[in-house]
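Try each task before you read its solution.

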Amino acid sequence: MAISFDKAFGISQYAVQVRQERAELLASNLANADTPGYKAKDLDFKAALAEAQSGQQGGQSLVRTNDRHLAASLGLDPAVGYRNPNQPDTGDGNTVDVQVERSLFMQNAMEYQTSLQFLSGRIKGLMSAIKGE
């Protein structure tokens with residue numbers, strides 16, 4: 001009897017992947033807090049999770065008509081968008097609010113840890129089933 005990892009891990013595997021992508025975006029926002037003209041970006045979690053579950057790569061991918069064709073993507077992820085700033089323009093066009101970014105980064109880190117714990121629990125359950133415990 002074959003084990004289906006998609007069924008065994010459920011949504012947790014995709015949630016970890018999307019949380020990681022969001023952490024990279026938020027870290028990029030923090031790193032560019034003093035860059036003139038930089039616009040803060042964020043990820044629509046629901047859209048990105050649905051995209052990850054459907055197996056689509058980020059961006060618009062090209063249709064492959066032969067198995068020997070290489071997969072290609074334009075790299076434009078529809079789940080990533082610009083955040084509306086809470087503060088007025090600082091004059092240099094930068095829309096990063098450091099306190100908001102730190103708060104969102106910490107919240108995302110906690111949610112990432114929670115997703116990892118769910119995934120770890122499912123792996124432990126599989127290990128117990130395989131061992132017959």
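**Exercise 1.** Among contacts between residues at least 6 apart in sequence, what percentage join residues at least 24 apart?

*Solution.* Keep in mind that this is a predicted model. Start with the layout: the chain has four helices and two strands, in the order α-α-β-α-β-α. Now for the contacts: 70% of those between residues at least 6 apart link residues at least 24 apart.

**Exercise 2.** Find out which residues Arg 83 forms salt bridges with.

*Solution.* Step one: look at Asp 42, where the closest N and O atoms are 2.8 Å from those of Arg 83. Arg 83 sits in the loop between β2 and α4, while Asp 42 is in strand β1, 41 residues apart. Step two: check Glu 101, with its closest N–O pair to Arg 83 at 2.2 Å. Glu 101 belongs to helix α4, and 18 residues separate the two.

**Exercise 3.** Which residue in helix α2 pairs with Asp 42?

*Solution.* That's Arg 22, whose side chain meets Asp 42 in a salt bridge of 2.8 Å, N to O.

**Exercise 4.** Why does Glu 101 count as buried?

*Solution.* The cut-off for buried is under 20% relative accessible area. Glu 101 has 1% relative accessibility, so it counts as buried. Asp 42, at 15%, is buried too, and Arg 83 makes it with 19%. Across the chain, 26% of the 133 residues are buried.

Definitions and conventions:
Residues are numbered from 1 along each chain as its sequence is written. This is a predicted model: local features need pLDDT of at least 70, side-chain atom pairs count only at pLDDT 80 or more; totals for chains, interfaces and linings use all residues. Side-chain values use heavy atoms; hydrogens and water are left out. Buried means under 20% relative accessible area, exposed over 50%, partly exposed in between (1.4 Å probe, protein chains only). Contact means heavy atoms within 4.5 Å. A salt bridge is a side-chain nitrogen of Lys or Arg within 4 Å of a carboxyl oxygen of Asp or Glu.
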